[in-house]
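Let's take a walk through a protein model together. Keep the picture open beside you and follow along as each part comes up.

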Amino acid sequence: MAVIEIYSKGYCPYCTRAKALLAQKSVAYQEFEIDKNPELRPEMIARSNGSTTVPQIFINDKHIGGCDDLFDLNDAGKLDAMLSA
């Protein structure tokens with residue numbers, strides 16, 4: 001099973017949408033809420049090669065991007081293979 005990490009903020013509709021897709025896929029993920037833990041923000045920016053928006057999503061330590069990127073992978077039929085790896 002893949003290791004999924006998502007950096008998010010509680011009031012972010014894109015974060016909610018991305019987490020809903022992952023829940024629909026019945027996969028567990030580790031969430032890092034940077035609004036509650038601001039010390040994690042520099043880590044998120046470094047891991048995502050400078051991206052400052054949320055969500056930032058990682059699957060097996062590979063940077064996927066944000067919500068739109070996650071949905072693009074799903075629409076292309078590539079997400080399920082990544083999640084089962």
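When we say that two residues are in contact, or touch, we mean that they have heavy atoms within 4.5 Å. What you see is a predicted model, where local features need pLDDT of at least 70 and side-chain atom pairs count only at pLDDT 80 or more, while totals for chains, interfaces and linings use all residues. Residues are numbered from 1 along each chain as its sequence is written, and side-chain values use heavy atoms, with hydrogens and water left out.

Let's begin with Ile57, which sits in strand β3. Helices (H or I, at least four residues) and strands (E, at least two) are DSSP runs, numbered from the N terminus. What does Ile57 touch, not counting residues up to four places away in sequence? Its partners are Glu5, Ile6, Ala18, Lys62, His63, Ile64, Gly65, Gly66, Cys67 and Leu70. Ile57 counts as buried because its relative accessibility is 0%; the cut-offs are under 20% relative accessible area for buried, over 50% for exposed, and partly exposed in between (1.4 Å probe, protein chains only). Met44 is 13 residues from Ile57 in sequence, and their C-alpha atoms are 9.5 Å apart in space.

Now for the nonpolar cores. In soluble globular proteins, nonpolar side chains tend to be buried together. A nonpolar core here is a set of buried Ala, Val, Leu, Ile, Met, Phe, Trp, Tyr and Cys residues joined through side-chain atoms within 4.5 Å. The largest one has 17 residues, and Ile4, Ile59, Leu70, Leu79 and Leu83 have the most contacts inside it. Two or more residues each come from β1 (4-8), α1 (13-24), β3 (56-59), α3 (67-75) and α4 (79-84). Helix α3 gives the largest share, 4 residues. Apart from this core lies another, of 9 residues, including Cys12, Cys15, Ile34 and Phe58.

Leaving aside neighbours within four places in sequence, Ile59 is in contact with Ala2, Val3, Ile4, Ile64, Leu79, Met82 and Leu83.

Next, how do two helices pack? Such a pair is described by the angle between the axes and the distance between them. Axes are lines fitted to C-alpha atoms, for helices over the stretch in contact, and angles run from 0 to 180 degrees between N-to-C directions. The axes of α1 and α3 come within 9 Å and cross at roughly 30 degrees. That makes the two helices, α1 and α3, roughly parallel, the word for angles under 35 degrees. Helix α1 makes the contact through Tyr14, Arg17, Ala18, Leu21 and Leu22, and α3 through Cys67, Asp68, Leu70, Phe71 and Asn74.

Finally, check the backbone. Most residues other than glycine have a negative phi, and most peptide bonds are trans. Yet the bond from Val54 to Pro55 is cis, with omega near 0 degrees. Pro55 lies in the loop between α2 (41-47) and β3. In the loop between β3 and β4 (62-65) you'll find Asn60, whose phi is positive, near 50 degrees. Asp61 is in the loop between β3 and β4, and its phi is positive as well, near 65 degrees. Is Asn60 buried or partly exposed? At 38% relative accessibility, Asn60 counts as partly exposed, while Asp61, at 58%, is exposed.

Key: Parallel < 35°, antiparallel > 145°, perpendicular 65-115°, else oblique.
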